[in-house]
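Student: Please take a close look at the interfaces in this model. I want to know how the chains meet, and what lies behind the contacts.

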Amino acid sequence: MSTTNPENAGGRWGALPYLGMKTGKLVLTVGVTFLGLLFVTFLIGRVVPVDPVLAAVGDRASQSTYDAAYIELGLDKPLYHQFWIYLSNALTGDLGNSLLTKKPIIEDIARVFPATLELATAGIILGTLFGVPLGVLSAVKQGKLADQIVRVVGLVGYSAPIFWLGLLGLLVFYAKLGWVAGPGRIDIAYEYSVTQVTGLLLIDTAMQGQWDAFANVLAHLALPAGLLGYFSMAYISRMTRSFMLAELAQEYIITARVKGVAEWRIIWVHALRNAAVPLVTVIALSYAGLLEGSVLTETVFAWPGLGQYLTNSLQNADMNAVLGGTLVIGVIFVGLNLLSDLLYTVLDPRVRRR
Amino acid sequence: MSDILHVKDLRISFPSRSGPVEVVRGVSFDLGRERLGIVGESGSGKSQTGRAILGLTPPSGRVTAERLEFDGIDLRGASPATWRKLRGRRMSMVMQDPKFSLNPVMTIGRQIVEAFHRQDNAPKSEAKDRAMVMLESVQIRDPERVYNAYPHELSGGMGQRAMIAMMLITEPDLLIADEPTSALDVTVQLDVLRILDDLVTQRGMGLIFISHDLRLVSSFCDRVLVMYAGRMVEELKASELHNAQHPYTRGLLNCLPQIDGGQRPLPTLRRDPAWLA
Amino acid sequence: MAEMSTRDWLLSDLPTSRRQAKLGQTYRTWLLLRQNRLAMLGLGIVALLIVMAIFADVIAPFDPYAGGDLRTERLLPPSWTHLMGTDDLARDIFSRIVYGSRVTLLVVAMVAIIATPIGLAVGTTAGYFGGWVDTVLMRITDIFLAFPRLILALAFVAALGPGIENAVIAIAITSWPPYARLARAETLTIRNTDYIAAIRLQGARSPRIIWGHVVPLCMSSVIVRVTLDMAGIILTAAGLGFLGLGAQPPQPEWGAMIASGRRFIIDFWWVATMPGIAIFVVSLGFNLLGDGLRDVLDPKGEK
């Protein structure tokens, strides 16, 4: 009796063997992927035409300093040994030191990460809040004007360069209309009055009761989060529409109509609840996609997050930092993909109860 | 016993690349508190007839009829408000496969209670009690477990019984059963039919039984309507099936194998293009 | 026998040669596609891009590299002489955009040419052979898919150095995994069919089977995917250009033009806005065309 067949998940241990195998497989997949991530970044690091030793010690170092640094960086060892060092360091959180700041990269990243977290989270909340209802509307009014409008709005989200829209947004909403604050997370006036506890300024300012600072943060957050929200909304509304159309064509919808259930209930309670299962996965993936969007958005809005860290390091030829940042983003990306797989399993009662 | 449903010259057409295609071409019958069977092969239009009575033809289809009346209410072009009053309360439908016709993310109990709640806003406990009573009446031995179960946790027969419970809890006057046993094992088929039989007799409902199985229909129903290519080719009492006149019906009857021998080789149906006219 | 028009010949139900059948199928697909007005708009935009790239010398009124008089012609607003104004080096923006279409087209074409065969090869091989070949190839694919595309391209360009060739390589490296996935999925459905078994019985060996039979069947969905992807490729390339990692100045790459115009956005908005419009329009064109192709060639798959 196979323990990996969900149909057979009965017996003394219930669903445990099945869940165990599934988790085990996931862990293995993630482990291998993580290894691969490290390998790729390691390889990229070795491809660099820049001499890492020179970058570390500077042009004017003496030969002996150069040699010492060479050994210290482990460059005299064979490649696979170097990879092993790299791997074990990474697993303990040591991503090397930034060539620019001479400080551990992991600390730099930890410092800038909350800014990106706040931005991406605000973006996904906006994207879901608008994307799901618009997708439902689009599906229900399929082919009609509302559907076309939503699709066009979404299409713009797919086709416009995010950094360009960001610039236009700044031009219109900040420079011309003055509705929102400009680049940066918070006005300099407030910057030092807030003690950063979580790094998430909205929470920090609220916790300390500094409501004018809170309002200021909100004003700065509005445009970039709105931008990211727009892009995720384009994707989410499109997928919601697709899933809803698939659900509305199912037999159980006819059953509900036969029972005389009101149309709004059929859409929002019956169909959407079923569409929610793959939809949550889509939202998690969109969240991951916002990481990518944040790189360019943060550049435009001078947002001191992970994305800007990456581009700054790039412009300063700080390869260690670039690779460290890439690795961290890769890990987060894999984590979110994993989360979305798990969410699917949890939400679908066909799998859950067994 | 007066008739509750009147259908005269029902026509349903769907658009296609070469113009509108009529899938139901002039079906007429009257239904009292009796059992009417509609028999036909795939594409004969029998399912669409059933759906049209409930106003569930897909939006791209066009339904016309000289007369389509339920208990004095004209169903042609009925408003959504009219349908809300009729569907679930006075007319119901049991569909073929509970795997697809039940909402997979809702418990059975919740789905049954939803059918009941439509009537009057009865308190939750009463709704649950009624649902349990219904589940027992379709001979589900462990109604509590089924009430809290999800559709995929039930066998085909149990799911179909739950479906019947759900559709009869409001005590409708008319029940349309669209291939209710076709997705079930043969042994289970008879059980479900027996339950349906009892319930329909007890409540004095009108029943339209749609199927491709002529023998099943003739043993279960009072009258039989045979459909082919959208038309009614024959209408007769079930007891007089052996006296069928139309060559299609005769052909169907001849195809049924007899357990005690019969004709060799087994005859097949020969279709006359004249029947398509 | 009466003379058949070309159209009748193409639409005939009884083709007499494989060529006729193939051409007929293509023609039918074209007729279906033609009914979709948005897809036709997309096709028009793509065609316009190609025309612009080829005839840039004729279309562009000014030289994209040489600027005019730095004292009087810098940062001029759009006018009849300078349709899109001039930038801070007194260069005509419209001309730069026209020549920039060459860069865009080059990037898109090169990425497609490089990434598609790799993706097809990896995907069909993995799907056809199964077993450990499949596992290994798919793990590699998954690893590349584990990075967001822009980030990985960024890291590669950082390593290789900025420049248009490196940008193309970097984007191509990050583009092939989805095609491999798709090709593998298609191959899995075809692998066990009877006609593949028949060819194998006739003695055909695996490479021939894969390239001669499996790949053509995957082609339509891969084509749809590649077309839809092109918008993303253009946006990624523009993003790299914006960060200074793509084509280097003075090359008229649209993303880089936006970056250089960023400083003046408030007072001289056209410098940064015009290239963005170009990117947007071309990207939109590919999206519309891809959507139309998908509806026609592969209506079931909505990814």
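Tutor: Chain B and chain C share no contact (contact: heavy atoms within 4.5 Å). Their closest C-alpha atoms lie 13 Å apart. Two pairs of chains touch, and chains A and C have the most contacts. This is a predicted model, in which local features need pLDDT of at least 70 and side-chain atom pairs pLDDT 80 or more, while totals for chains, interfaces and linings use all residues. Residues are numbered from 1 along each chain as written, chains are lettered from A and ligands numbered from 1 in written order, and side-chain values use heavy atoms, without hydrogens or water.

Take chains A and C. Here 43 residues of chain A touch 42 residues of chain C. The buried area is about 3800 Å² (accessible area, 1.4 Å probe, that two parts lose on being put together, summed over both). Carbon and sulfur atoms give 79% of that area. In chain A, Phe163(A), Trp164(A) and Leu167(A) lose the most area to chain C, together 15% of what that side buries.

The rule finds one salt bridge between chains A and C (a side-chain nitrogen of Lys or Arg within 4 Å of a carboxyl oxygen of Asp or Glu). Arg238(A) makes that kind of link with Asp291(C), and the closest N and O atoms are 3.1 Å apart. Eight residue pairs, both residues at pLDDT 80 or more, are in polar contact across the interface of chains A and C (N or O atoms within 3.5 Å, one able to donate a hydrogen and the other to accept it within protein; residues adjacent in sequence count only if both atoms are side-chain atoms).

Several helices (DSSP runs of H or I, at least four residues, numbered from the N terminus) give two or more residues to the side of chain A that touches chain C, including α1 (16–47), α7 (162–176) and α10 (211–248) of chain A. The most comes from α1(A), with nine residues. By class, that side has 29 nonpolar, 11 polar and three charged residues (Ala, Val, Leu, Ile, Met, Phe, Trp, Tyr, Cys and Pro are nonpolar; Asp, Glu, Lys and Arg charged; the others, Gly among them, polar).

Now chains A and B. Contacts join 19 residues of chain A to 29 residues of chain B. About 2200 Å² is buried between them, 59% of it on carbon and sulfur atoms. The salt bridges between chain A and chain B number two. Arg265(A) forms a salt bridge with Glu114(B), with the closest N and O atoms 3.2 Å apart.

On the side of chain A that touches chain B, α11 (251–259), α12 (263–301) and α15 (349–352) of chain A each supply at least two residues. The largest share, seven residues, is from α11(A). That side of chain A holds six nonpolar, four polar and nine charged residues.

Chain B also has a sheet. Six strands (E runs of at least two residues) form an open sheet in the order β7-β8-β9-β3-β10-β11 of chain B, with mixed pairing (at least two DSSP bridges). At the edges stand β7 (91–94) and β11 (231–237) of chain B, each with a single partner, so one side of each has no neighbour in the sheet. Strands β8 (174–178) and β9 (206–211) of chain B pair in the parallel sense over five bridges. Ala177(B) stands opposite Phe209(B) in β9(B).
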